[in-house]
Amino acid sequence: MRRWLAAVSITMAGVLGLAGCGGGSGGQASRSAAPSSGGGKQQVEVFSWWTGPGEADGLQAMKKIFEEKNPNYTFFDAAVAGGSGDKAKALLQSKLQANTPPDTFQGHAGAELQGYIKAGNLEDLTFLYDELKLKDVFPAQLVEQISVEGKIYSVPVNIHRSNVLWFNPKVLKDAGIAAAPKTIEEFIADLEKVKAKGKIPISVGSEWTATHLLENVLLGSLGTDAYNALFKPGADWSGPQMTKALENFAKIMSYAGDPQDDWQPAAKQVADGEAAFNIMGDWAYGYFHNPPEGGLGKTSKTDFDWAPAPGTEGTYMWLSDSFTLPKGAKNRDGAVAWLKVAASKEGQDAFNPKKGSIPARKDADQALYTDYLADALKDWSSNKLAGSIQHGVSVSQPWLASINEAVGLFIASKDVKGLQQALADAAKANAQ
């Protein structure tokens with residue numbers, strides 16, 4: 001538990017600096033020549049947190065397209081390990097403050113980008129949207145989330161689903177569970193059944209996965225409308241509905257196994273039959289499904305299965321990975337060339353099946369998206385929408401840092417009242 005708290009504190013120190021970071025000069029005039037990688041080629045530094053199986057494979061697939069289309073550039077992978085990007089964001093902030101930005105960096109679409117925009121760290125990409133006619137191929141709601149006062153600051157590569165319950169069918173069967181739980185109450189009852197059989201009821205990873213679990217329990221307990229209302233000015237985080245939701249979270253966490261180093265080993269516990277359940281985004285699908293050189297090579301419906309997180313059926317809790325153009329990028333032209341690949345049908349169709357996500361574009365090749373991904377495409381077009389907390393849609397980075405700190409303290413104290421007060425305070429300080 002101390003490890004979780006220490007990591008939360010380190011992350012906070014990095015991301016809280018965002019609020020006080022001014023734009024500085026940081027513009028075109030500060031740019032220097034891009035570094036050469038030999039043979040006359042110039043490096044394009046692409047900063048992300050895609051280092052795990054599935055996500056790294058998808059990034060490499062886009063890299064191949066980028067270098068084939070741009071023979072004068074070479075891709076420099078500046079990825080920083082750590083699920084959800086907490087470590088990467090802290091390092092990125094130090095680079096931005098030192099006015100040494102990467103050529104392009106990954107960010108979650110939505111509120112997460114607002115701090116960078118207000119600090120003057122990002123170039124307006126409206127010119128690229130006009131050139132490539134991206135407003136015709138990206139969903140309107142997605143364009144709205146990444147726009148500020150009519151300007152657009154990032155290129156979305158995908159759509160992810162946060163509210164997925166992954167489970168091991170055999171472990172459930174052995175515990176007498178006939179089907180995935182549909183409600184929070186059913187879920188808690190099933191966790192008890194698994195515990196009685198000596199298996200891990202629910203696996204968890206590093207500190208951020210606890211906040212990921214929290215957002216799912218809040219959605220499943222409160223319902224879509226009440227959940228979405230949490231992020232509006234004057235929202236009530238102190239009421240009895242929230243108390244009940246947090247009590248549900250505390251109960252579910254009481255069944256958790258030992259925290260793993262990140263989401264992948266926690267997911268692996270399910271695939272290997274050590275644990276029954278794991279609540280994680282659909283990037284886990286690529287990890288489960290991809291061949292052993294890039295994943296676990298497991299079989300759908302046999303080694304692992306999926307359902308909406310308990311209480312959330314009919315709602316798609318979404319997030320979107322995107323890439324930006326920082327002011328002061330050493331190789332601006334190379335970064336724009338990368339953004340064009342990230343926005344393209346070819347690039348998204350190469351990336352997303354490996355990553356375990358669906359394309360941001362509406363014209364992608366649907367034949368490539370089978371099994372879990374076919375379900376995701378169907379649900380994305382028909383479900384209600386809710387924005388992820390942990391993954392940047394609903395809250396700013398300072399707000400998320402406060403939430404993560406509150407969750408970390410709860411992990412140590414088990415104090416539901418204290419957690420609720422801390423979350424209410426964070427909402428009051430950050431809601432706009």
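Let's start at Lys-301. Lys-301 is partly exposed, with a relative accessible area of 46%. This is a predicted model, so please keep that in mind throughout. Lys-301 has a charged partner, Asp-305. The two form a salt bridge, and their closest N and O atoms are 2.9 Å apart. Is Asp-305 buried or exposed? Asp-305 is buried, at 13% relative accessible area. The cut-off for buried is under 20%, so 13% falls on the buried side.

Why would such side chains meet at all? Side chains of opposite charge can pair when their charged atoms come close.

How many salt bridges does the structure hold? The count is 17. Some share partners: Glu-45, Lys-95 and Lys-330 are joined in that way into one network.

Now two more pairs. Take Lys-170 and Asp-174 first. Their salt bridge has its closest N and O atoms 2.9 Å apart. Both residues sit in helix 7, which covers residues 169-174. They are 4 residues apart, so about one helical turn separates them. Lys-170 is exposed, with 55% relative accessible area. Asp-174 is partly exposed, at 43%.

Next, Asp-272 and Lys-298. Their side chains meet in a salt bridge, 3.5 Å from N to O. This pair links distant parts of the chain, 26 residues apart. Asp-272 lies in the loop between helix 12 (263-271) and strand 11 (275-279). Lys-298 lies in the loop between helix 13 (283-289) and strand 12. Both ends count as partly exposed: Asp-272 has 33% relative accessibility, and Lys-298 has 22%.

Strand 12 takes us to a sheet. The sheet is open and has 4 strands. Their order is 10-11-9-12, and the pairing is mixed. Which strands stand at the edges? They are strand 10 (200-202) and strand 12 (305-308). Each has a single partner strand, so one side of each is left without a neighbour in the sheet. On average, neighbouring strands here are turned by 20° against each other, direction ignored.

What holds strands together in general? Strands of a sheet pair through backbone hydrogen bonds, either parallel or antiparallel. Here, strand 9 (residues 164-167) and strand 12 run antiparallel, and 4 bridges join them.

On to a buried spot. Find Thr-211 in helix 9, residues 207-222. Thr-211 is buried, with a relative accessible area of 1%. What does its side chain meet in a polar contact? The partner is the side chain of Asn-404, at 2.5 Å. Leaving out residues up to four places away in sequence, Thr-211 touches Gln-390, Leu-400, Ile-403, Asn-404 and Val-407.

Last, the whole protein. There are 18 helices and 16 strands. The radius of gyration is 21 Å, close to the 22 Å that the globule rule gives for 432 residues. So the protein is as compact as a globular protein of that length. Its C-alpha atoms fill a box of roughly 65 × 45 × 40 Å, taken along the principal axes. How much of the protein is buried? Buried residues make up 59% of the 432. And the contacts? Among those between residues at least 6 apart in sequence, 79% join residues at least 24 apart.

Notes
Residues are numbered from 1 along each chain as its sequence is written. This is a predicted model: local features need pLDDT of at least 70, side-chain atom pairs count only at pLDDT 80 or more; totals for chains, interfaces and linings use all residues. Side-chain values use heavy atoms; hydrogens and water are left out. Two strands pair if DSSP finds at least two bridges between them. Helices (H or I, at least four residues) and strands (E, at least two) are DSSP runs, numbered from the N terminus. Axes are lines fitted to C-alpha atoms, for helices over the stretch in contact, and angles run from 0 to 180 degrees between N-to-C directions. Buried means under 20% relative accessible area, exposed over 50%, partly exposed in between (1.4 Å probe, protein chains only). A polar contact is a pair of N or O atoms within 3.5 Å; within protein, one must be able to donate a hydrogen and the other to accept it, and residues adjacent in sequence count only if both atoms are side-chain atoms. Contact means heavy atoms within 4.5 Å. A salt bridge is a side-chain nitrogen of Lys or Arg within 4 Å of a carboxyl oxygen of Asp or Glu. The radius of gyration is taken over C-alpha atoms; the globule rule is 2.2 Å times the number of residues to the power 0.38.
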